[in-house]
Amino acid sequence: MTVSLVTGANRGIGRDVCAQLAARGHRVLLGARSAEAAERAAAETGATPVRLDVTSAADVERVAAEIGELDVLVNNAAITYDTWQRASSADLSVVRAAAETNLYGPWRLTQALLPVLRRSRHGRIVNVSSEAASLTNMGGGTPAYTASKVALNALTCMLAAELRADGILVNAVCPGWVATDMGGPGGRPVAEGAAGVVWAATLPDDGPTGGFFRDGRPLPW
């Protein structure tokens, strides 16, 4: 059975990714900072709850020690869609805090779980990103969120190159504007955004790696 871990999964896109992967027969580990929130969401999605704050080295080390096998890692946890800020006047403490969750969290967790992912015959890493991180189309605004997701995209490219020989596919996925607590009302249904993440999590062995996608189609870097 394919084993998948999804971070930041007690609500929104992460929660729906868990539900969709469980429906495909995966054994899903649903990560959330709060044990109670993880338990509630896991009960609703058919997953196993895991208390995991990706900014906590102790949490990451504990989870890595507890997981005996893993095929798919979905780095979904993210914070601070800072629509109130501009790069020219941003509070850099907010930028640093966003990077702790949006960049260093996935980086720390991926490093810790690489030994078990390397043992998988079908390793997959999906970094949930945003089209806001596209340098090609970038404008102003949301500097903490945007800069952290640009860096996450860079990490995606580096990991994809380094892990190609291990057969681990690493991709970044933009779920699009989705009606979540972070995205706000007016976006498309959560299930549609989650489906693109699930697509990358379930790629065949000859699937792409080192790419940036939305709905299974490439986005410009």
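# Loops, helices and packing in a predicted model

User: Between which strand and which helix is the loop that holds Thr 142?
Analyst: Helices and strands are taken here as DSSP runs, numbered from the N terminus, where a helix (H or I) has at least four residues and a strand (E) at least two. On that basis, the place of Thr 142 is in the loop that runs between strand E5 (124–128) and helix H5 (143–163).

User: Does Thr 142 count as buried or exposed?
Analyst: The model is a predicted one, in which local features need pLDDT of at least 70 and side-chain atom pairs count only at pLDDT 80 or more, while totals for chains, interfaces and linings use all residues. Residues are numbered from 1 along each chain as its sequence is written, and side-chain values use heavy atoms, with hydrogens and water left out. Buried means under 20% relative accessible area, exposed over 50%, and partly exposed in between, with a 1.4 Å probe and protein chains only. Thr 142 has a relative accessibility of 10%, so this residue counts as buried.

User: Near what value is the phi of Thr 142?
Analyst: Most residues other than glycine have a negative phi. Thr 142 has a positive value although this residue is not glycine, and its phi is near 40°.

User: Near what value is the phi of Thr 80?
Analyst: Thr 80 is found in the loop between strand E4 (72–75) and helix H4 (92–119). Its phi is also positive in a residue other than glycine, and the angle is near 65°.

User: What pattern do the helices and strands of the protein follow along the sequence?
Analyst: The protein has 6 helices and 8 strands. Read along the sequence, these elements give the pattern β-α-β-α-β-α-β-α-β-α-β-α-β-β.

User: Why is the protein described as being as compact as a globular protein of that length?
Analyst: Along its principal axes, the C-alpha trace spans about 50 × 40 × 35 Å. The radius of gyration is taken over C-alpha atoms, and the globule rule is 2.2 Å times the number of residues to the power 0.38. For 221 residues that rule gives 17 Å, and the protein is as compact as a globular protein of that length because its radius of gyration is close to this, at 16 Å.

User: How far is the backbone nitrogen of Asn 76 from a polar atom of the side chain of Thr 7?
Analyst: A polar contact is a pair of N or O atoms within 3.5 Å; within protein, one must be able to donate a hydrogen and the other to accept it, and residues adjacent in sequence count only if both atoms are side-chain atoms. The distance from the side chain of Thr 7 to the backbone nitrogen of Asn 76 is 2.9 Å.

User: How far apart are the C-alpha atoms of Arg 108 and Thr 55?
Analyst: Arg 108 lies in helix H4 and is partly exposed, with a relative accessible area of 24%. Not counting residues up to four places away in sequence, Arg 108 touches Val 54, Thr 55, Ala 57, Val 60 and Glu 100. Arg 108 and Thr 55 are 53 residues apart in sequence, and their C-alpha separation in space is 8.2 Å.

User: What distance separates the C-alpha atoms of Thr 136 and Trp 221?
Analyst: Thr 136 is placed in the loop between E5 and H5, where its relative accessible area of 54% makes this residue exposed. Beyond four places in sequence, Thr 136 touches Pro 220 and Trp 221. Thr 136 and Trp 221 are 85 residues apart along the chain, and their C-alpha atoms are separated by 6.0 Å.

How values were computed:
Contact means heavy atoms within 4.5 Å.
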